[in-house]
Amino acid sequence: RPLVGATGLVFTAGALAATVCALAWRRLGQPGIAAFVVLATMVGVLPSVAAALSAMSAHRAVRDTARLVAARAAPGDVVAHEGPLESSGALEWYAGWRPVIVDGRRSVLGFGAGRPEARALFWDEPRLREAWARGRVWLVSVRPPARSVARRLPGARLVAQGGARWLYVNAPP
């Protein structure tokens, strides 16, 4: 809200200054002042834009969750991502694990999910339940807990929540 308010004030000041410039241009014939006002308005909005981008990137970032997986996952563990992988594209990069994708067929990147060679990477809920019963599984979800498959998995323990991600595990780390 503060960013919207600050941006609104800058645009209001810019509109008022542009109106004054338009009136001055009619009387004095000085069109260059209006360009300066537009430029000053744009520069005045830049801090709000930068702050908004920073807040949004922190909310959307998967880095902290992925680093937690990297620190705690052991050989033989399964790392799974619930939902479209493009929502956490850097998960593999930061975690060092290639996740299986649970319920990610309806996504921008899901076009290859129907191919035979993709069966090992694209899982449905029954396949996740099977792996959940056999060994340790780390589940990164972009879905709120009420809508996540994790609420239907026995013994799912929330390990971390950051930004728009939830990390669950089925056994103590």
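**View A. Arg-152 counts as partly exposed, at 34% relative accessibility.** Here buried means under 20% relative accessible area, exposed means over 50%, and partly exposed lies in between (1.4 Å probe, protein chains only). The model is predicted: local features need pLDDT of at least 70, side-chain atom pairs count only at pLDDT 80 or more, and totals for chains, interfaces and linings use all residues. Residues are numbered from 1 along each chain as its sequence is written, and side-chain values use heavy atoms, with hydrogens and water left out. The partner of Arg-152 is Glu-125, and the two form a salt bridge with their closest N and O atoms 2.8 Å apart. A salt bridge needs a side-chain nitrogen of Lys or Arg within 4 Å of a carboxyl oxygen of Asp or Glu. Helices (H or I, at least four residues) and strands (E, at least two) are DSSP runs, numbered from the N terminus.

**View B. Arg-143 and Glu-82 pair through their side chains in a salt bridge of 3.3 Å, N to O.** Arg-143 belongs to the loop between β4 (137-141) and β5 (157-162), while Glu-82 belongs to strand β1 (residues 78-82), so the pair ties together parts 61 residues apart in sequence. Is this pair buried or exposed? Arg-143 is buried, at 15% relative accessible area. Glu-82 is buried as well, at 2%. Side chains of opposite charge can pair when their charged atoms come close.

**View C. Asp-64 and Arg-63 form a salt bridge at 3.6 Å, N to O.** Asp-64 is exposed, with 56% relative accessibility. Arg-63 is partly exposed, at 36%. How many salt bridges does the structure hold? The count is eight.

**View D. The largest nonpolar core has 14 residues.** Ala-80, Trp-123, Leu-128, Val-137 and Leu-139 have the most contacts inside this core. The elements giving two or more residues to this core are β2 (100-102), α5, β4 and β6 (165-169). Which element gives the most? Helix α5 does, with three residues. A nonpolar core is a set of buried Ala, Val, Leu, Ile, Met, Phe, Trp, Tyr and Cys residues joined through side-chain atoms within 4.5 Å. In soluble globular proteins, nonpolar side chains tend to be buried together.

**View E. Trp-123 touches Val-78, Val-100, Ile-101, Val-102, Asp-103, Leu-128 and Ala-131, leaving aside residues up to four places away in sequence.** A second, separate core of 11 residues includes Ala-66, Leu-91, Val-140 and Val-169. Contact means heavy atoms within 4.5 Å.

**View F. Ser-48 lies in helix α2 (residues 32-60).** Ser-48 is buried, with 10% relative accessible area. What does Ser-48 touch, not counting residues up to four places away in sequence? Its contacts are Leu-3, Ala-6 and Thr-7.

**View G. Val-38, Leu-39, Met-42, Val-43 and Leu-46 make a nonpolar surface patch of about 480 Å².** Val-38 is part of helix α2. Val-38 is partly exposed, at 47% relative accessibility. Patches take residues with over 30% relative accessible area and no salt bridge; like charges are joined within 9 Å, and nonpolar side chains (Val, Leu, Ile, Met, Phe, Trp, Tyr) within 5 Å. Accessible areas come from the Shrake-Rupley method with a 1.4 Å probe; for residues, only the protein chains shown count as cover.

**View H. Gly-89 is in the loop between β1 and α4 (91-95).** Gly-89 is exposed, with 58% relative accessible area. Gly-8 is 81 residues from Gly-89 in sequence and 34 Å from Gly-89 in space, C-alpha to C-alpha.

**View I. The protein chain holds five helices and six strands.** From the N terminus, the elements run α-α-α-β-α-β-β-α-β-β-β. The C-alpha trace spans about 80 × 35 × 30 Å along its principal axes. The radius of gyration is 25 Å, whereas a compact globule of 173 residues would have one near 16 Å. That radius is taken over C-alpha atoms, and the globule rule is 2.2 Å times the number of residues to the power 0.38. Buried residues make up 32% of the 173 residues.
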